[in-house]
Amino acid sequence: MKSLPNHSILKSCLEGGGPKRELAIASIGCLFGTTMLLLALQFFQDATDYLEQNEGTKNYFTLNKKVEGGALVNLGKKDESFSPAELETIRSLEGVKRIGGFLRNQFPVTVYIWPTGKVGMGSAAKADLFFESIPDEFLDFIPKSWSWDENSSFVPIMVPKFYLDLWNFGLAPSRVEYPTLSQEAASGMPIEVFIGKNRKDTLDGRFVAFSKRINSVLVPESFLTWANQKFGQPNAGDFFFLWKNESIDGPPRSREELIELSQKPAFNNWEISPLGHPADRAPAMSVFKTDDKIIHPSRIIVEVIDSPSSALLTFIEESGYELNREFPEQDLVKKILKGILSGMGGIGALLSLLSITTFATSYRLVIARVTEHAHNLLLLGFSRKQISQIFFSRFLRLFSWVLTGSFILGYTSKYFLLEQASRMNLTLPTGFSIESIILLGVYGFLFSFINKRVIEKSVSDLIR
Amino acid sequence: MLIELNKVVPNPLPDKIIKTSEIWNLHLRIEPQSKILISAQSGMGKSTLLHLIYGLRQDYTGQLLIEGQPVKQFTFVQWEQWRRRSISLVFQDLRLFPHLSAHENLELIPDINPSAPSVEEMVNRLGLEPHLQQPVSTLSHGQRQRIAIIRALRKPFRLLLLDEPFSHLDESNQNLASELIKEVVEQQEAGLILSSLGSAPALSFDHQYSL
């Protein structure tokens, strides 16, 4: 016995006209469903990768003492710094790998940023600013131009990447004179750094990097140490109440102001008390008794082995410290993105499911239209597999077009969406990842498998 | 191929027919390679018997066994293989594909019996050569019957079932067809069950039953 070359004749018996409208609806539904599912999968992957790459690592956080009270009280600048003993205690806590102190500027800083790339051209963004520094080993990376000495032509400045996003998505869209900036463009902007109350000293500055870990305006430690020595106001931060005739006279006064008042004859009769400690009154002349103050950090960066341990969290709570994870808002962004993409994937899956059902129904109709022929072929001894294969091949031809269409549509959509994203300085990989393509393959296989079973069942039912 | 009917009664069949039948509700054994003629008027269950053996109907009481196995226990795949390799049937309504040519209808079988005469030879012997490329829908019923007979003979079989195969054939064509059938059945060492409205075709039978 041998098989006959009758496949084309067999096909001609089973390929009658199908329910065109139903098949068109199923194909369109499947096209959009698959495209949405594919894009949702790909964007989910892209977004997760992007956020992971741009996320501050979770084992870094900063600690400071809680700031309490209103402006009047806090003008006295109660000492918020960590003492060496406190630093040692934190360092010895379970899970703490290392700690580093933030050094901050002790002089007023104002910066003029020239987004046009040339000082004096266009409008400058002006801001009173602060500088901090941390030991280099706590930086997520050390930029090329990070080193500084007195002969350097500019002060390297590192700001959080988040600041650039704020500029691009917040400031620039609302001000025509401020262009959106890529990291490269932002690095090229000249910055005038004015130091002192009357801006008597000017330095040149440059953004040299955008940190994804440290939420502060950083300059090299060498620069800040030098600048604090040169421009620092060592007594800044010391505020006192002035007592005249057993009652407080006016608002708190800084040590500098009191020194100026010492020219007055009555100064010797007056008293002063530290802010927050009115009982500790002392003669006003004691304002001159200043030791060289050793500056301790008021904010520290802590690296832990893993996430902060419960012992560490309890210690922080009990000590009245405040813990800040760097860039925690990214968790929210991630959640929102996950929500949107899950919704998109869900709609895609629902559309796909509906299209599977529509395809299944359509193919039952396709088979129903050629019931008599299919039945007779089974009676002649053709197997269910042979008959089903004809219908399944027809399905596969259509489904391949739909899958190819989904791929092209998805690719094109992503291309245009990426163009939009690049305008916002969001760089995502083009095309589809191998994982997405594999998942598309698995999806196609499942879709085909379900339809194959439906077709086989419909064919079997013809002769029961 | 051994066929056994143990008190088989198809549903629905009037009691009157069952009582006078030489097949229904009786024990009947059809030996391998035997030639059987079933003759009866219309509506007595001739096609039903052939359809039961071909697995087209399961609505009966009693027991039908093929080669000792109750056919109700046959799986879907067993029936597929049975129809493909062991049994061939000329349907009363022929079941040809009207949009195909006579030749295409003859090609449309799942397996071919290599020892059967060639299509050309059988077509020539039954006088169908001029009509081979014509769509079946344009052929007369007698011509279609002959096409259906050739198709059945081209398939491999150990039992050939013929359901009123000569109802639209004149005597001369009946003789030609009978001769061809006899030759192929003997060559195949197969059995044969033929149903007829009454007139006996020009074939020799081992047994003849009335329904």
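Modeller: Here is a tour of the sheets, helix contacts, cores and a few single residues.

Modeller: This is a predicted model, where local features need pLDDT of at least 70, side-chain atom pairs count only at pLDDT 80 or more, and totals for chains, interfaces and linings use all residues. Residues are numbered from 1 along each chain as its sequence is written, chains are lettered from A and ligands numbered from 1 in the order in which they are written, and side-chain values use heavy atoms, with hydrogens and water left out.

Colleague: Okay, sheets to begin with. What is the strand order of the open sheet in chain B?

Modeller: The order is S6-S7-S8-S3-S9, 5 strands with parallel pairing. Strands here are DSSP E runs of at least two residues, helices are H or I runs of at least four, and both are numbered from the N terminus. Two strands pair if DSSP finds at least two bridges between them.

Colleague: And which strands stand at the edges there?

Modeller: S6 (87-90) and S9 (207-210) of chain B. Each has a single partner strand, so one side of each has no neighbour in the sheet. On average, neighbouring strands of this sheet are turned by 15 degrees against each other, direction ignored.

Colleague: How many bridges join S3(B) and S9(B)?

Modeller: The parallel pairing of S3 (residues 35-39) with S9 in chain B runs over 4 bridges. One pair to look up is Ile36(B), whose bridge partner in S9(B) is His207(B).

Colleague: Which helix lies across S3, S6, S7 and S8 of chain B?

Modeller: That's H2(B), residues 46-54, which runs at about 150 degrees to S7(B). Axes are lines fitted to C-alpha atoms, for helices over the stretch in contact, and angles run from 0 to 180 degrees between N-to-C directions. H6(B), residues 141-154, also packs on the sheet, touching S6 and S7 of chain B, and its direction makes about 180 degrees with that of S6(B).

Colleague: Staying with H6(B), how does it sit against H7(B)?

Modeller: The axes of H6(B) and H7(B) (residues 171-188) come within 11 Å and cross at roughly 5 degrees. The two helices are therefore roughly parallel; under 35 degrees counts as roughly parallel, over 145 as roughly antiparallel, 65 to 115 as roughly perpendicular and the rest as oblique. Arg146(B), Ile149(B) and Leu153(B) of H6(B) meet residues of H7(B) including Leu180(B), Ile181(B) and Val184(B), a contact being heavy atoms within 4.5 Å.

Colleague: What kinds of residues make up that contact?

Modeller: For H6(B) with H7(B), 6 nonpolar, 1 polar and 1 charged. Ala, Val, Leu, Ile, Met, Phe, Trp, Tyr, Cys and Pro count as nonpolar, Asp, Glu, Lys and Arg as charged, and the others, Gly among them, as polar.

Colleague: Switching to cores. Which residues have the most contacts inside the largest nonpolar core?

Modeller: Leu5(B) and Trp24(B), in a core of 81 residues. A nonpolar core is a set of buried Ala, Val, Leu, Ile, Met, Phe, Trp, Tyr and Cys residues joined through side-chain atoms within 4.5 Å. Leaving out residues up to four places away in sequence, Trp24(B) touches Leu5(B), Met44(B), Leu49(B) and Leu211(B), among others. A second, separate core of 34 residues includes Leu132(B) and Phe157(B).

Colleague: Now chain A. What sort of pairing does its open sheet of 5 strands have?

Modeller: Mixed, in the order S5-S4-S8-S9-S7. S4 (residues 109-113) and S8 (residues 191-195) of chain A pair in the antiparallel sense over 5 bridges, and Val109(A) has Ile195(A) as its bridge partner in S8(A).

Colleague: And H1(A) against H12(A), what's the angle?

Modeller: About 75 degrees, with the axes of H1(A) (residues 7-14) and H12(A) (residues 384-423) 10 Å apart. That makes the two roughly perpendicular.

Colleague: Last one: is Glu246(A) buried or exposed?

Modeller: Glu246(A) counts as exposed, at 58% relative accessibility; the cut-offs are under 20% relative accessible area for buried, over 50% for exposed and partly exposed in between (1.4 Å probe, protein chains only). Glu246(A) also has a positive phi of about 65 degrees although it is not a glycine. By contrast, Asn228(A) is buried at 11%.
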